[in-house]
Amino acid sequence: MKKYFIPVLSLFLITACVVGLLALTNHFTMGIIQERERCAAEEALEIVLPGGAPYTNITDSIEDMSIDIEAKFTCANQSDKGYVFTMVSKGYGGDIIVYVGINNEGKVVNIMLGDNEETPNLGKKAELPEFTSQFSGLSKEDEIPDKIDYITRATITTDAVIVAVESALEIYSEVTK
Amino acid sequence: MKNRSLQEFSKGILKENPTFILVLGMCPTLAVSTTAENSFMMGLAATIVLVLSNVIISLLRKLIPEKVRIPAYITVIAGFVTIVQLLMKAYLPELNKALGIYIPLIVVNCIILARAEAFAAKNNPWYSLLDGLGMGLGFTLAITLIGIIREFLGSGAVFGLQIIKNIPMPSVFVMPAGAFLVLGMLMALISALTHKKTEIKDCSECPMQCLPKKEKGDN
Amino acid sequence: MNGDTFKLIIYISFGTILMNNFVLTNFLGICPFLGVSKKLNSAVGMGLAVIFVMTIASIVTNLTNRYLLVPNGLEYLQTLAFILVIAGFVQLIELFMKKVTPPLYKTLGIYLPLITTNCAILGVALLSVQNEYNLWQSAIYGASAGIGFLLATVIFAGIRERLDLNDVPKYFKGLPIALITAAFLSMAFLGFKGIFG
């Protein structure tokens with residue numbers, strides 16, 4: 001047993017040092033990471049609802065409302081100009097994040113795609129303004145799939161974005177009831 | 001002194017290029033090289049971890065007992081990888097999402113462990129630093145080259161700059177099959193240039209594979 | 001087992017074996033894949049060992065994550081903890097195998113160290129956590145990933161055994177032609193994407 005003592009001890013010491021260093025790093029980066037993981041970046045907010053700042057984070061109060069929607073939502077921001085919802089729906093290559101800016105008349109101002117793993121040249125085209133601008137001005141009364149030019153060979157991606165926008169509009173109508 | 005320094009540094013770039021000659025670290029090379037930018041950043045991240053772990057392991061080389069050296073190396077490497085990962089999550093979140101799980105997988109990147117076992121454990125910190133830098137640079141160059149080729153052939157862009165517009169490019173290149181294809185072609189090319197047949201080493205280059213021969217009854 | 005659980009199991013297993021095949025789509029486990037697929041026998045041995053290790057790794061890391069890391073807010077230690085836990089466990093299993101079931105050790109055991117600290121094993125553990133699987137789902141996920149690896153490796157070995165008998169252009173011999181073959185295999189598996197719509 002004796003011959004195992006020193007090796008195990010030194011391994012333990014090294015591990016302890018490494019863990020300590022990691023704990024320190026974690027301590028410093030934790031706040032920023034949590035903030036980033038939940039909500040949209042300032043640039044995104046500015047794009048989907050121009051001039052909307054400053055915002056109040058109302059994610060928790062909406063979560064409490066348990067609204068029945070197809071897409072998931074991870075963040076909700078409210079301002080004088082309207083709302084920005086961060087939606088997550090299932091695309092071709094995985095989850096797609098869609099930021100939806102809705103004004104106080106219930107119309108979509110603009111949308112923007114966040115992280116996604118759609119195929120370059122196909123589904124990824126949904127990120128382009130040519131596609132996203134089609135959603136501006138739409139509201140809950142519109143039959144959205146009819147108003148959108150589907151991306152060729154990227155039906156799943158297009159559907160995912162539509163679902164995200166529809167869900168965001170649904171949240172809006174619940175919140176403003 | 002200066003001659004040896006140059007030698008330790010430069011061997012990783014051509015003669016002992018980890019990707020094309022030593023055939024190590026294939027996982028990230030194939031997975032992440034869909035765009036030139038992703039490839040470059042992955043190469044950079046791996047190089048940072050490689051240099052740091054090489055230096056630390058070299059500094060500690062007389063203090064780490066033989067029996068537990070592999071777990072010790074892994075612990076050190078995992079530590080640096082996690083630090084890089086946390087910093088990325090906080091300050092470069094888009095890159096973190098792009099590289100995904102391949103960031104933590106840098107821990108098991110054969111290149112880093114192999115250099116720790118083969119070099120850092122037996123040389124002083126200065127040469128270990130150079131070795132890490134050279135190998136890292138070699139890896140970065142290789143993976144970025146593959147990334148440039150795949151991004152260009154697959155989507156007509158390089159580093160995000162759209163060079164070929166309006167002509168549809170074969171998107172197979174940014175898909176997994178394309179990775180195999182490009183790497184295979186490059187290997188054939190290298191083989192032709194160096195007149196040597198590229199061997200698949202049965203991953204015995206990676207020291208992990210020697211585990212059962214050494215005694216390791218402790219963790 | 002109700003209908004939903006059953007559906008989920010099918011989805012996870014087929015999804016991992018075919019659609020997101022660990023080797024051909026996710027590039028996890030390339031090293032052993034390329035290294036061992038020259039002969040059919042070693043391919044099968046390695047494949048079985050991989051299934052075994054992946055399942056255990058999934059279960060063990062899931063438990064570690066759920067009962068040790070998460071309750072204490074130590075998620076940042078995942079990478080470190082997982083790899084140490086996996087390495088330790090496999091080491092134990094190997095010793096156990098050597099003493100208790102030597103014939104099994106001869107077929108599987110020798111591959112164990114080759115895969116312990118491999119992309120594939122750590123990858124399975126991390127992905128399992130990312131997908132937020134519970135214990136059963138993790139185990140199935142690990143087993144399926146392993147089966148996918150076995151499938152890809154065996155098919156590949158079969159092809160390569162024949163390829164070796166053919167006239168391959170000089171500079172393509174060995175690794176290059178192997179990679180190109182893998183490319184076609186990967187494309188074939190691409191066809192599975194979208195099975196579940």
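What does the secondary structure of chain A come to in helices and strands? The count is six helices and five strands, where helices (H or I, at least four residues) and strands (E, at least two) are DSSP runs numbered from the N terminus. This is a predicted model, so local features need pLDDT of at least 70 and side-chain atom pairs count only at pLDDT 80 or more, while totals for chains, interfaces and linings use all residues. Residues are numbered from 1 along each chain as its sequence is written, and chains are lettered from A, with ligands numbered from 1, in the order in which they are written.

Read from the N terminus, chain A goes α-α-β-α-β-β-β-β-α-α-α. Chain A is more spread out than a compact globule, because its radius of gyration is 22 Å, well over the 16 Å that the globule rule gives for 177 residues. (That radius is taken over C-alpha atoms, and the rule is 2.2 Å times the number of residues to the power 0.38.) Along the principal axes, the C-alpha atoms of chain A fill a box of roughly 80 × 40 × 30 Å.

Of the 177 residues in chain A, 36% are buried. Here, buried says that 20 or more other C-beta atoms lie within 10 Å of a residue's own, with the C-beta atoms placed from the backbone. Two residues are in contact if their C-beta atoms, again placed from the backbone, lie within 7 Å. Among contacts in chain A between residues at least 6 apart in sequence, 56% join residues at least 24 apart.

Now to the sheet. Its five strands make an open, antiparallel arrangement in the order S1-S2-S3-S4-S5 (chain A); strands pair if DSSP finds at least two bridges between them. Strand S1 (56–57) and strand S5 (108–113) of chain A sit at the edges, each pairing on one side only. S1(A) meets S2(A) over two antiparallel bridges, and Thr56(A) stands opposite Gln78(A) in S2(A). Seven bridges then link S2(A) and S3(A), also antiparallel, with Lys72(A) having Val88(A) in S3(A) as its bridge partner. A hairpin takes S2(A) into S3(A) through two residues. Further along, strand S4 (residues 95–103) of chain A is joined to S5(A) by five bridges, again antiparallel, and Ile102(A) faces Val108(A) in S5(A) across that pairing.

Helix H6 (residues 155–175) of chain A lies across strand S2 (72–79), strand S3 (82–90), S4 and S5 of chain A, at about 40° to S4(A). That angle is between N-to-C directions, on a scale from 0 to 180 degrees, with axes being lines fitted to C-alpha atoms (for helices, over the stretch in contact).

As for the other chains, 21 residues from chain A and 26 residues from chain B make up the contact between them. The side of chain A that touches chain B has twelve nonpolar, seven polar and two charged residues. Ala, Val, Leu, Ile, Met, Phe, Trp, Tyr, Cys and Pro count as nonpolar, Asp, Glu, Lys and Arg as charged, and the others, Gly among them, as polar.

Between chains B and C, 42 residues of chain B are in contact with 45 residues of chain C. Helix H2 (26–32), helix H4 (69–91) and helix H8 (176–194) of chain B are the elements giving two or more residues to the side of chain B that touches chain C. H8(B) gives the most there, with ten residues. By class, this side of chain B has 30 nonpolar, eight polar and four charged residues.

Conventions: Buried ≥ 20, exposed ≤ 12 C-beta atoms within 10 Å, placed from the backbone.
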